[in-house]
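Q: I have a new model open. Please walk me through its contacts, one feature at a time.

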Amino acid sequence: MTWPREFGGHERSSLERYVVIEELLAAGAPVAAHWIADRQSGPSILRFGTEEQQRTILPRIASGDCYFCIGMSEPDSGSDLASVRTRAVRDLEGWRLSGTKLWTSHAHRSHYMITLCRTADVDEDDRHTGLSQFIVDLSSPGVEIRPVPLLTGEPHFNEVVLDEVLVPDSRVLGEIGDGWRQVTSELTYERSGPERFLSTFPLLVEFARRSGDPPSEVGTVALGELTAQLVALRHVSLAVNAALDRQEQPQVEAALVKDQGTRLEQHIVEQIRRARGLGQRDGGSERFRTMMDQAVMHAPGFTLRGGTNEILRGIVARGLGLR
Amino acid sequence: MSGTERELLVETVEGLLHGAGFGDPPTEGAAQQAWKLFAEYGLTLVGVPEDRNGSGGTFEDASAVVRVVAAEAGPGAFAEALLVAQPFQMRTGWVPSDAPVTFADGTWRLDRDSAGFTLSGHARRVPWARVAERIVMPASDDAGQRYLVEVPTSELDVVHGTNVADEPRDDVAAEGVILRDGRVREIDDRHPAADVEMWGARARSVQISGALGAVLEMTVRYAGERVQFGRPIARFQAVQQHIAALAGEVVAARAAVSAAVTDDGEIDPVSTAAAKIRAGIAASNAAALAHQVHGAIGFTQEHRLHRLTRRLWSWREEFGNELYWSRRLGEWIVERGADGLWPLITSTSRSVVP
C-alpha cells in the first residue's frame, strides 16, 4: 500500500496501511502468506536494495505472487542473533552460502528467504561486524526445507539447510558487512504493529458473543478490562506508526508495544478461559471451544516469536540508559 | 496553546513547585500557599477563556498543569478545580473566580420556598473541602429536577478525613441550609454534572499519569546511583526487566489518558473508562515495581518515593477503581453486542488520528 507506484505500490500513507492491517486482523482474516514480504522484506529491499532488485522483486510482492520468509535464527542462535554461523563465501560465480536456519516461519511455502550470514570472521570486540544479508531464492539447488511442527501439529516453523547454495552478487542485500544495521532496522518494522496485540482479538469477540444472557459479572468485568487494555496499547501503537512515518526509529516504544501487546494476548486467553468456568457447563458453541483450545495452545508462542520479551525489555532498558 | 507555550507552562509550574519546596504530608497551609502562588501566575484559571476572567488555554492545557502538580506531589485541589469544578461552572454560564474551589459528588437535595433555596444532604470524602472557599455540587429536588449548586464552604458542616496519601478527604453535610451566597442553576442530562463521576475519574487518571512519569524517572535515577556488588544495580538484568516493565505501564497508561483528554473537555465515556482502568492498573504495577527496585530506603518516610506511590494508591481507588470501570465498560460492550466491539475500540482514536 505504501510503496512507490513504480514498484506496484499505491503510495498510500502508513496510517492508511495501519487501518487496513488492523481491520484484517480484527476480523481474523488469513494474512500469513503476504505478511512478511509486505511488512519487512519488501520495506528492507526498498531501503537497502538495488534498483534492479526493487524492479524485479517488489512488483511481484505487490501483486501477491511472491512470498518471503526470514532467515535469521539458527539452532544455536536465537536471542543471540549476532552469533549466527551460516557462512557466505565469495567464489568466481558469486556467493556460496552454507549453514542451517531454524524457526523459519512458512519457509515451506515461500519463494525467498532474506538470510543473515557471516561474511567475515567474528571480531570479539565488535560481534556485530562481518554480517551480511542475502536474498536467497529457495528453489535454488542446495536448499533443503524440513518442517518443524508446532505442539499443535500444525506446519509453521521450518529448518532450512543451505549446502553451498549459490547466490549471485545481484542478490546481496545492501552492503557486505552492514547486515547488523539492516537487521536492526528490519526488526523495528517487525515489532510495532497491531499484529502484536490483536492475535487473540477474534477470541475476545467470540467470547463477547457467547458470554451468556445475561453474562456473568466476572465475564462482563473481563470484557471491560481487556478492552481497556487493547484501547491503551492501540494508542501507543498508532503513535509508533506515526513516528516511523516521520522516519524516526522509535525502538524503545516499538519494543514496549511488543512486550505489552504479547503479554496482553496471553492475558486475554487466560481471563476468557477462567470466565468461561462460570458459563455453560456444556462448553458453549463448538466454534468457541475450538478457538479457545487453539488459543491456549498457541499462547506460549506470543512472547517468544519475533524476539523474546526478555530481550525486548533489554532493548527498553538500554533506551532508558540502564545498560 | 502551541507546543512551545505548553512547554513554558509546564516549566513554570515545575519551577514554582520546586521553588516552594512543599513537604509532606500535604497540609492545609501548604495547599493554601500553593493555590495563592498559582493564582498570582494565573495558573488556577488555565482552561478558562480570557473573556470569562480566565487565563485562556484549553482543557488539554489545564490537564498539563494538573499532570505536573501530580508529578511533583504538589498540595491542593488543582485537579478538582481545573478539570471538574471550573468546567462545570463555565458550562453553567458562571464565571470562575481565583479562589480555591472543589466539587462534591454526593446526595444533595434542594428545596425551594418563599425564602429561596434550601440545601440538605451530604457528600463523603470531598477532596480538599476544608481548603476550598466554594464547593460545586449536583443536586435534585423532589420532582426530580437536576441542579448545579455552588455553595460557600462556610455554610456547610465539614468533618476532616484523609486518603492514604494524607490528602484531605472531608465529609461535607448540610441540613436545611438556606442558601444566601450560593448559586443555583437548573440543568439537564446533557450538563456535565450529570456525569460527575466520569469527570472525577478522568481527573484522577490525569493525575495518575503525571505521578507515573515521576515514578519512572525516580526509579531510573535510583538504579543508576545505587551501587551494590561493585556496580550500579541498573546493570543487573533482573532490575532492568523490572524497570522496562514499569516503563511499559507508564507509556500505555499515558496513551490511554491522553486520548481521554480532549481539547474542549468533552467526555467520551469509552475513552474515559479505558483511561481510568488502564491508569489504575498501571498505578498498582508501577508502585510495586518502583518499591521493589528502591529496596528498603524507598520504603521509608524520609525518601520521596512514597509521596508518589501513596498518591497512586489513593487516586486509583477514587471515582471508581479499575474493576468498577471494567464492569461499566463491559456492560456497554454487552449492550452493543459482539460485532460492536471493534467499532467501539476504533472510536477512541477519532480525536488523536490526524
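Q: How much area is buried between chain A and chain B?
A: Buried area is the accessible area (1.4 Å probe) that two parts lose on being put together, summed over both. Between chain A and chain B about 3500 Å² is buried, and carbon and sulfur atoms give 73% of that. Arg234(A), His235(A) and Leu322(A) lose the most area on the chain A side, together 17% of what that side buries. Note the source: this is a predicted model, where local features need pLDDT of at least 70 and side-chain atom pairs count only at pLDDT 80 or more, while totals for chains, interfaces and linings use all residues. Residues are numbered from 1 along each chain as its sequence is written, chains are lettered from A and ligands numbered from 1 in the order in which they are written, and side-chain values use heavy atoms, with hydrogens and water left out.

Q: How many residues does each chain bring to the contact?
A: Contact means heavy atoms within 4.5 Å. Chain A supplies 38 residues and chain B 41 residues.

Q: How many salt bridges cross the interface of chain A and chain B?
A: A salt bridge needs a side-chain nitrogen of Lys or Arg within 4 Å of a carboxyl oxygen of Asp or Glu. The rule finds 2 across the interface of chain A and chain B. Glu217(A) pairs with Arg327(B) in a salt bridge, with the closest N and O atoms 2.4 Å apart. Over all chains the count is 49 salt bridges.

Q: How do H2(A) and H3(A) pack?
A: Two packed helices are described by the angle between their axes and the distance between the axes. Axes are lines fitted to C-alpha atoms, for helices over the stretch in contact, and angles run from 0 to 180 degrees between N-to-C directions. Under 35 degrees counts as roughly parallel, over 145 as roughly antiparallel, 65 to 115 as roughly perpendicular, and the rest as oblique. Helix H2 (residues 32-48) and helix H3 (residues 51-62) of chain A pack at about 165°, axes 10 Å apart. H2(A) and H3(A) are therefore roughly antiparallel.

Q: Which residues meet between H1(B) and H3(B)?
A: Start with the geometry. Helix H1 (residues 3-20) and helix H3 (residues 59-71) of chain B pack at about 30°, with axes 9 Å apart. H1(B) and H3(B) are therefore roughly parallel. Arg6(B), Leu9(B), Val10(B), Val13(B), Glu14(B) and Leu17(B) of H1(B) meet Glu60(B), Asp61(B), Ala64(B), Val65(B), Val68(B) and Val69(B) of H3(B).

Q: Where is Pro25(B)?
A: Check the backbone too. Pro25(B) lies in the loop between H1 and helix H2 (28-40) of chain B. The peptide bond from Asp24(B) to Pro25(B) is cis, with omega near 0°.

Q: What is phi of Glu164(A)?
A: Phi of Glu164(A) is near 55°, a positive value in a residue other than glycine. Glu164(A) is in strand E7 (residues 157-167) of chain A.

Terms used. Helix = DSSP H or I, 4+ residues; strand = E, 2+ residues; numbered from the N terminus.
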